[in-house]
Structure formats: C-alpha cells, structure tokens
Amino acid sequence: MAYYWIAAAVVILDQWTKWLVVRYMRLGESIPIIDNVLYITSHRNRGAAWGMLEGQFWLFLFDYGHCCGGDRDLHPPPEAF
C-alpha cells in the first residue's frame, strides 16, 4: 500500500512543479539548481512521447482501445491443454 502513496506523492509533486513553471517562469527561462549540472528550464511540449506525437490523438485512442480490451475478438484466449 505504501507504493501507492509514494506514487501519488510523486504525481502530485510533478504536477505542482509543472504548474509553478508555467505560472512563474517565462518560456525559455532557466533557473540553475546546481550550477553547470542541474537546471529547471521552461518549455512547452504539446505532444506526447517527448513531443514526437504532437497532433496524433487518434493514435492514443487506438492504443487505449487496444490496451483496454478492445481487441478481444481479434485475439481470443488460447484453448486449454
């Protein structure tokens, strides 16, 4: 059960930091956290998969349907031995 709480905390922290960046940083602005090692940089990614699938919402609909059992008729379970 602890894993769920950790995962929830990570998701909340992730969304909160994204909100802070969008709210308080200009596009392209960088803030050094550890000089020459770690920076927070404001940019916008309008697509998924690191921006490679921008405008490809149909692919997500297909994938969602496939993953959630939309292909059960295409792939029936194997017969028992």
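# A guided tour of the predicted model

The protein exposes about 7900 Å², of which carbon and sulfur atoms supply 66%; accessible areas here come from the Shrake-Rupley method with a 1.4 Å probe, and for residues only the protein chains shown count as cover. This is a predicted model, in which local features need pLDDT of at least 70 and side-chain atom pairs count only at pLDDT 80 or more, while totals for chains, interfaces and linings use all residues. Residues are numbered from 1 along each chain as its sequence is written, and side-chain values use heavy atoms, with hydrogens and water left out.

**The whole chain**

Two helices and two strands are present, in the order α-β-β-α from the N terminus. Helices (H or I, at least four residues) and strands (E, at least two) are DSSP runs, numbered from the N terminus. Of the 81 residues, 5% are buried; buried means under 20% relative accessible area, exposed over 50%, and partly exposed in between (1.4 Å probe, protein chains only). Among contacts (heavy atoms within 4.5 Å) between residues at least 6 apart in sequence, 0% join residues at least 24 apart.

Next, colour by pLDDT, the predictor's confidence in each residue, from 0 to 100. The average for the protein is 78, and 56% of the residues score at least 70. Among the elements, S1 has the highest mean pLDDT (94), and helix H2 (residues 57-70) has the lowest (64).

**Helix H1**

Select aspartate 14 and lysine 18 and show their side chains. Both lie in helix H1 (residues 2-24), four residues apart, about one turn of the helix.

Now select tryptophan 19 and tyrosine 24. The structure holds one aromatic pair. The ring centres of tryptophan 19 and tyrosine 24 are 6.2 Å apart and their planes stand at 90°, so the pair is edge-to-face. Rings of Phe, Tyr and Trp (its six-membered ring) pair if their centres lie within 6.5 Å; planes under 30 degrees apart count as stacked, over 60 as edge-to-face and the rest as tilted. Tryptophan 19 is partly exposed, with 46% relative accessibility, whereas tyrosine 24 is exposed at 57%.

**The strands and their loop**

Move to the loop between S1 and S2, where asparagine 36 is found. Asparagine 36 has a positive phi of about 60° although it is not a glycine. Most residues other than glycine have a negative phi. With a relative accessible area of 70%, asparagine 36 is exposed.

Finally, show the surface and select Ile31, Ile33, Ile34, Val37, Leu38 and Ile40. These residues form a nonpolar patch with about 520 Å² of accessible area together. The elements that give two or more residues to the patch are strand S1 (30-34) and strand S2 (38-41), and S1 gives the most, with three residues. Patches are made of residues with over 30% relative accessible area and no salt bridge: like charges are joined within 9 Å, and nonpolar side chains (Val, Leu, Ile, Met, Phe, Trp, Tyr) within 5 Å. As a last stop, pick leucine 38, which is placed in strand S2. Leucine 38 counts as partly exposed, at 41% relative accessibility.

Note on methods
A salt bridge is a side-chain nitrogen of Lys or Arg within 4 Å of a carboxyl oxygen of Asp or Glu.
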